[in-house]
Amino acid sequence: MLAVLRQCLGLFNRIPADKAERLIHEAPLLAIDLELTSLDSAKAKVTSVGWVEGLGNTINLDSCFYSVVRASGDFAQSPVIHGLIQEHIAGGKHVRDVLKRLKTYADTHIWVFHNANLDLSILQRVFADTGIHCPPVMFIDTLKLAVYQLKKYHQILPPNSATLSVCRQRLGLPAAPAHNALDDAMATLQLWIAQNHALNGSKAIRFGDLLHTRAVDYRKMEKK
Amino acid sequence: MSVLPQQVTDFLKTSAPFDQLSDADMSDLAKYASLIYLTEENQDTLLEENAGRLFLIQNGQFSVRDSEEGERHLSEGDYFGYHQLIDNISYPLTVKVDKPGLVFCFTAEAFKRAMDLPAVNDFFHGSRADALQNQAVNDSNSMWLYKALNDVIAGTPVQASQNVTIRDAANVMAQNKVSSLLITRNDKLVGIVTDRDLRNRVVAKATDITLPVHTIMTRTPAMLHQYRTMFDAMALMTERNIHHLPVVDRNSRKPLGMITTSDVVRHQRGNVLFIIGELAKADNLYELTRLSWQMPHYFATHAKRLGDFDIAGKVLSQATDIMTRKLIYFYQREHGPAPIKFSWVVYGSQAREDQTMGSDQDNGLLLETMPDHAEGQYFEALSAYVCNGLAKCGIKLCDGNIMASNPALRLSLKQAEGEAKEWVRQPTPAAIMHFNIFLDARCAAGDTDLFHCLQRLRAPVLKQKIFLAALARHNNDVSVPLSMFQKFVYEKGYEHKDTIDLKVKAVAVINNLARIYALASGLTVPATLSRLAALPAGAGLSTKDAQNLRDIWLFLNRLRWRHQLTNKVTDNRVRVSDLSSIEKHQLKAAFKAIERAQQGAVMHFSGGMS
C-alpha cells in the first residue's frame, strides 16, 4: 500500500519509483555550484563550475573539481564578487568540456544545490545550447529544505534567513569563504549532511520520504 | 588537477603542525583525506570505515579514548587516532559525540609522509608527552630565565656564506652595525666571526683580506636551538666566556638569531624580579612609587606562559612586603625608632602570597604591650604613613578598613589573643565573614618573634572542633557555579553575560578548605599551596586530594591572571568564552572536585563524631 502511494506521489512528482525508493545514505552525491554573470537565468553566463562528491556522511576531498569556463561578451558585476578577472575567464575551459564531464554524473549521483532552480535552469539552457544530451537528474535543494524547516517556526521568513552561510550557521557548521564555485559546492554538501542529520538522525530514509519538503525533485535536462 | 576548497586549505593552514607544510605537501596530504560529519548515531559506522586513520576535528566536541591514557575532551583543532599510528599498536577507539561536527580523516600513508617533516614529527611526539604530563606544577623561580630563546630573538641574524672574502664579510658587519657574523654552508651554521677575530686573526697578523672568510672564522661555535631557554644561554655564555651565542633551528641547524650579552642585560631589566631588586634600592618615597607603578606593565609584558602565572602572585606579594619595609624605614629615618616592639602583620591574599593586580591592602599592627599615649601616637602616625604610602605605590586602600591605620587593628599581644578566643566563642556566619581574613596572617616587617609568639598562643585556641565545624559549614554555603545539568552558571548584572567570579566561587573556597585543615593540624604557614603540601598524614585530607586541590588552585590562578593581564582589568570575573574548549572541560571538572571537597570537609569536621 505504502509502495503504491509512493508510486503515485512519485508519478505526481515525476520521480521514477526506483529513484524514490533509494536509501539516502547509499546514494552517491554530487554538490554543484555555478558562478554566473547575472542572476537572470535567461541571460546569465557561466563563469566557473565547482563540484565535490560525497556518500552518506563522508565527503571525498579527492573528488573536488573546479574549472573556470571560457565565455565571450561582457558581463555584469558578478565576476568582481567571485574574484575572477577577464584574463582567467578567457583562459578557462570551454563550457562544452565541463558539461561533458558533468553529464557522466547525471544518472549515478544525486545532485545537491543550494537554490537548485537557478542553477538547473541555467544548466538546462547551456546543455541545450551546446547540443549535449544530459540524462534527467535527481536532486536535493538545501535551500528548499531550509525553507521547509524555517516555515515550521515563521509564517513569513525573516530576511536572509535561508542564505547558504546563515543556514550553515544555524546548524553549527564553521564559517566558510563564499562565492567560489568549489567552496560553495563544498559548503552546500556539508549543509545537506547536517540538515539530514538534524531532520532524520540515524533513520535509514529514502528519497521518497522527503517529498513533502519539496527539497527533492527529478528534472529532465532538455529545455522545454 | 588537484584542487581544494579554500575552506579546507584555510583550516589546515591554521592547524599546527600542518600549517608548516608547503602548498604541495599540503595538497598531497589533503588529496587522500575525507571529511566526515561525525554524529552520535553514525559514529560506529564512520569510525569503522576510517579505522587506522588520523583524525583532525574542524568543529564539534568529542570525548575520545584512543590510547591507554584515558578519556580526552577534544574540540576544534584537536587530533585523535595518532597514538596507534606512532606506536603501531591498534588501540581501541571510542568516541562520545558531545556535539556533532566535521572531522578530517587522513590516511596512514599520508600521515607517515607528513611525519618525515621534523616539525610534524616533533608536534605529534610532543603532544603525546604533554598528554602524559598532566601536572600543573612548575616551580620556576624567575620567569624571564625560562623564556624560550624563540621568544627572545628578534629578526633574522646577519649571516654570510663561508666562501665570501674576509673583506666582504667585514662589509656585511659594517653595513648591519653588528659585532659578529654567522657563517653558513648550505644554509647550515658552520662558524662565527666577531670583531675580535678581525682584530686578532686579520689585522694583527696582516692576513690577506681576499681570502675566504672560513679561513679566519671560529669553527663549530657554541650554539643552542630555539626551544632552549635564556637560562641555558646564560649558563653556556658564562661557561665559555663568550658574548655572542647563535640560535639555530633544532632540525635544520639554520641560523635563526643571535643572543648577545646586551640581550641578557636587557631581559634582566625587563623582568619582574629585577623590579624587586630595584624596589629594594629605592631611597625615597618618590623613587619607590615610580618603580611600583611600573609593576602592572612588567607583568603584562613578561608573564606570558601559563607557568609564569604560578609565581606572579608570590612576586607581587614580595614586592608589597618590600614596599612596606621601605616605607617603615623611611618613616623611622625621619621620626626615630619605635618605642616598643611591633610586628607589621599582613592578612588575606598578601599573607597567602597570592595577590593579584586587584588585591587591596590588608594589614595591622601587633604591639608588644599596650602602648601609652605617646607610643600610641607614634604608631598611629607610622601606620598612616605606611598605608598611604602603599596606596601611592598602587596597592589600594582597603574598602573594609582592614588596615593598620584603623586603631581597632593595632592590638597588643594580649588583646590579639583575647580576640582569637572571642572568634572561637561565637563563630556565627556574620562573625566568620568578618574574621576569616585574619586567619591568614604573616609578619611582613618588624619583629618576627613577636608575631610567632602570638601564633603559638593562638594555635590551640583555633584548633577547637566546634570552631572548625562552623568554618567548614560556612564554606559550604558557597555553591560552585554549575547547574544540575553541569552547565556553567554565570554572574548576573555584568556587561558580559558569561562571566564567573573565579575568586569568590572557587579560589576562595579552596583557600578556606586549606585554612580549615591547616588550623586543625596546628600549621602556621598562611600560603594555600604550602598548607596543602604541609598537611600531616591523618589531617583528614588524603595526599591525593590535597594534590588535586593544589592542581586545581594553580589552574584557576592561571586563568584569573591571564584574564587580568590580557583584558587589562583587576577583577576575577573570567569570561567563559575566553577559555579554550579544553579549559572549559577542565573548569567543570575543577568545580565538581571543589564541591566534593567542600562536602568532605563538612563531613569531617561536623560529622557528629566528636
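Visitor: Why is A:Val147 called partly exposed?

Guide: In this predicted model, A:Val147 has 18 C-beta neighbours inside 10 Å; a residue is buried if 20 or more other C-beta atoms, placed from the backbone, lie within 10 Å of its own, exposed if 12 or fewer, and partly exposed in between, so with its 18 neighbours A:Val147 counts as partly exposed. Residues are numbered from 1 along each chain as its sequence is written, and chains are lettered from A in the order in which they are written. Local features need pLDDT of at least 70 and side-chain atom pairs count only at pLDDT 80 or more, while totals for chains, interfaces and linings use all residues.

Visitor: What is A:Val147 in contact with, leaving aside its neighbours within four places in sequence?

Guide: A:Val147, which lies in helix H7 (residues 142–150) of chain A, is in contact with A:Leu157 and A:Ala162, where contact is defined by C-beta atoms, placed from the backbone, that lie within 7 Å. Helices (H or I, at least four residues) and strands (E, at least two) are DSSP runs, numbered from the N terminus.

Visitor: What makes strand E16 of chain B largely enclosed?

Guide: Five of the five residues of strand E16(B), residues 363–367, are buried, so the strand is largely enclosed by the rest of the structure. Both of its faces are covered, with B:Asn363, B:Leu365 and B:Leu367 on one side and B:Gly364 and B:Leu366 on the other.

Visitor: How do you know that strand E15 of chain B and E16(B) pair?

Guide: Two strands pair if DSSP finds at least two bridges between them, and E15(B), residues 342–347, is joined to E16(B) over five bridges in the antiparallel sense, with B:Val345 opposite B:Gly364. Three bridges also join E16(B) to the parallel strand E17(B), residues 410–412, where B:Arg410 is the bridge partner of B:Leu365.

Visitor: Which strand of chain A pairs with E1(B)?

Guide: Strand E3 (residues 58–60) of chain A pairs with E1(B) in the antiparallel sense over three bridges, and A:Thr58 stands opposite B:Ile36. The contact between the chains takes 23 residues from chain B and 24 residues from chain A.

Notes. Two residues are in contact if their C-beta atoms, placed from the backbone, lie within 7 Å.
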